[in-house]
Amino acid sequence: MSILDALQCINNERPPVWLMRQAGRYLPEYRALRAKHSFLEMCHCPDLITQVTMMPIERFGFDAAILFSDILIILEALGRTVRFEEGRGPVIDHPLRCSSDIASLKNSDVQKTLGFVAEGIVQLKKRLSVPLLGFCGAPFTVASYLIEGGSSTDLALTKRWMYRDPVGFHLLLDLIAQASIDYLLMQISAGVDAIQIFDTWANALPYRQFGEFSLAYLDRIVQALRPTGKPVILFCRGSSLFAESLVALQPAAISFDWNCDLAHQRKRLGSDIALQGNLDPQLLCAPLPVIEREVNELLDAMEGDSGFILGLGHGILPETPLAAVETLVDCVKARIRV
Ligand code: 1CP
């Protein structure tokens, strides 16, 4: 069984399992390392990238590793640095507020500015026995951080710019999309086996604007990667709302939020796309028998599906108990064949 088989919809064993943010703060070994280094330091150091990416594989035996980094690291190729502040999340100085600010961005060679990521990937490929997922943020989601200057609940500044000055907003998205393509091609040359694109803030957009300001750029990225033959997984918060448009881009897989019934999505979307998801991350804070029941319900609902990857609808919560993750992985691994 390999996640690469499931991504081609040809897996006839148990479904593969991995979790978004599996290399993160819920792990005591991550927190111990993090006590000695800042998050950015960790993202910049190939040895630490390797060490953290391996942590959840070594502890739980997940079927895929995801590169330890962040969707905002790409801003360094655009001449911006991001800081991660305790309790506040990412902070970007001098946020962009209108199209004339776009000139303050640089368009540097990703190999030069983000070569440490490629070095981490090369190291990881020597050590890993499971496939490695590379990633980037969707241009709309990355743009929202550049405009808001950090996390925001309503994306007010981003959406106001989008409505006021769509031409300028497209210029910004275009720049980020090009950098993202270069960045992903670098990750692929370094050795990643598949790519996931995170559009965390897609669900802030109305349906029509999602098509114009997010989907169009996801399409560009997916098409640019097509010649590499590497599978692409699209994750949007709100994937179930946008599923038909996402399928039209012909990615290898769509990663779903917990608001939809995955077996129903399978009926709706046909059999030649892999489906990933879609447990609620809060489920992993429930009593273990509840986790067991819900994981088995999902496994039953997707039984026999050769393109199913079991995971969460969004990132694992920092407060998740280790025993919950063990229970989840045990339930999946107890299935011999689908
Ligand atoms: O303090 C710390 O130790 C840093 C916490 C942390 C970690 C472990 C951040 C800050 N990012 C990460 C790692 C990370 N981020 C990975 C690593 C691989 C993995 O295990 O999955 C990945 C893939 C991401 C992706 C990411 N970063 C997304 C998209 C996925 C999602 O969760 O929606 C987003 C939106 C970010 C921005 C970001 N970075 C960090 C935080 C706390 C945030 C979210 C801020 C917000 O809610 O706006």
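Which residue in E8 is the bridge partner of Ile254? The bridge partner of Ile254 is Leu275 in E8. This is a predicted model, in which local features need pLDDT of at least 70, side-chain atom pairs count only at pLDDT 80 or more, and totals for chains, interfaces and linings use all residues. Residues are numbered from 1 along each chain as its sequence is written, and side-chain values use heavy atoms, with hydrogens and water left out.

**Sheet**

- Seven strands make up an open sheet with parallel pairing, in the order E1-E4-E5-E6-E7-E8-E9. Helices (H or I, at least four residues) and strands (E, at least two) are DSSP runs numbered from the N terminus, and two strands pair if DSSP finds at least two bridges between them.
- Strand E1 (65–66) and strand E9 (308–312) are at the edges with a single partner strand each, so one side of each has no neighbour in the sheet.
- E5 and E6 are parallel and joined by five bridges. Across this pairing, Gln196 stands opposite Ile233 in E6, and Phe198 has Phe235 in E6 as its bridge partner.
- Strand E7 (residues 253–255) runs parallel to E8, with three bridges between them.

**Buried strands**

- Five of the five residues of E6 are buried, so the strand is largely enclosed by the rest of the structure. Buried means under 20% relative accessible area, exposed over 50%, and partly exposed in between (1.4 Å probe, protein chains only).
- Both faces of E6 are covered, with Val232, Leu234 and Cys236 buried on one side and Ile233 and Phe235 buried on the other.
- In strand E8 (residues 274–279), six of the six residues are buried, so E8 too is largely enclosed by the rest of the structure.

**Aromatic pairs and a charge over a ring**

- Twelve aromatic pairs are found in a search of the whole structure. Rings of Phe, Tyr and Trp (its six-membered ring) pair if their centres lie within 6.5 Å; planes under 30 degrees apart count as stacked, over 60 as edge-to-face and the rest as tilted.
- One of these pairs is Phe140 and Phe169, whose ring centres are 6.3 Å apart and whose planes stand at 70°, so the pair is edge-to-face. The two residues are 29 residues apart and link distant parts of the chain, with Phe140 in helix H7 (residues 139–148) and Phe169 in helix H9 (residues 166–190). Phe140 is buried at a relative accessible area of 0%, and Phe169 is buried at 0%.
- Phe198 and Phe235 form an edge-to-face pair, with 5.9 Å centre to centre and 65° between the planes. This pair also links distant parts of the chain: Phe198 in strand E5 (residues 194–199) and Phe235 in strand E6 (residues 232–236) are 37 residues apart. Phe198 counts as buried at 13% relative accessibility, and Phe235 counts as buried at 1%.
- One aromatic cluster is formed by Tyr30, Phe39, Phe68 and Phe84.
- Arg237 has its charged end over the ring of Trp201, 4.6 Å from the ring centre. A charge sits over a ring if NZ of Lys or CZ of Arg is within 6 Å of the ring centre and within 35 degrees of the ring normal.

**Ligand surroundings**

- There are 23 residues around the ligand, of which Tyr30, Tyr145, Ser151, Thr200 and His314 come nearest. A residue is near a molecule if one of its heavy atoms lies within 4 Å of it.
- A polar side-chain atom of Arg34 is 2.7 Å from an oxygen atom of the ligand.
- An N or O atom in the side chain of Tyr145 lies 2.6 Å from a ligand oxygen atom.
- A polar backbone atom of Ala23 lies 2.8 Å from an oxygen atom of the ligand.
- The ligand taken alone exposes 900 Å², and the protein buries 89% of that. Accessible areas come from the Shrake-Rupley method with a 1.4 Å probe.

**Backbone geometry**

- The peptide bond from Gly277 to Asn278 is cis, with omega near -10°. Asn278 is in strand E8.
- Cys9, which is not a glycine, has a positive phi near 60°. Cys9 is in the loop between helix H1 (3–7) and helix H2 (28–34), and is buried at a relative accessible area of 14%.
- Arg21 also has a positive phi, about 65°, without being a glycine. Arg21 is in the loop between H1 and H2 and counts as exposed at 54% relative accessibility.

Definitions and conventions. A polar contact is a pair of N or O atoms within 3.5 Å; within protein, one must be able to donate a hydrogen and the other to accept it, and residues adjacent in sequence count only if both atoms are side-chain atoms.
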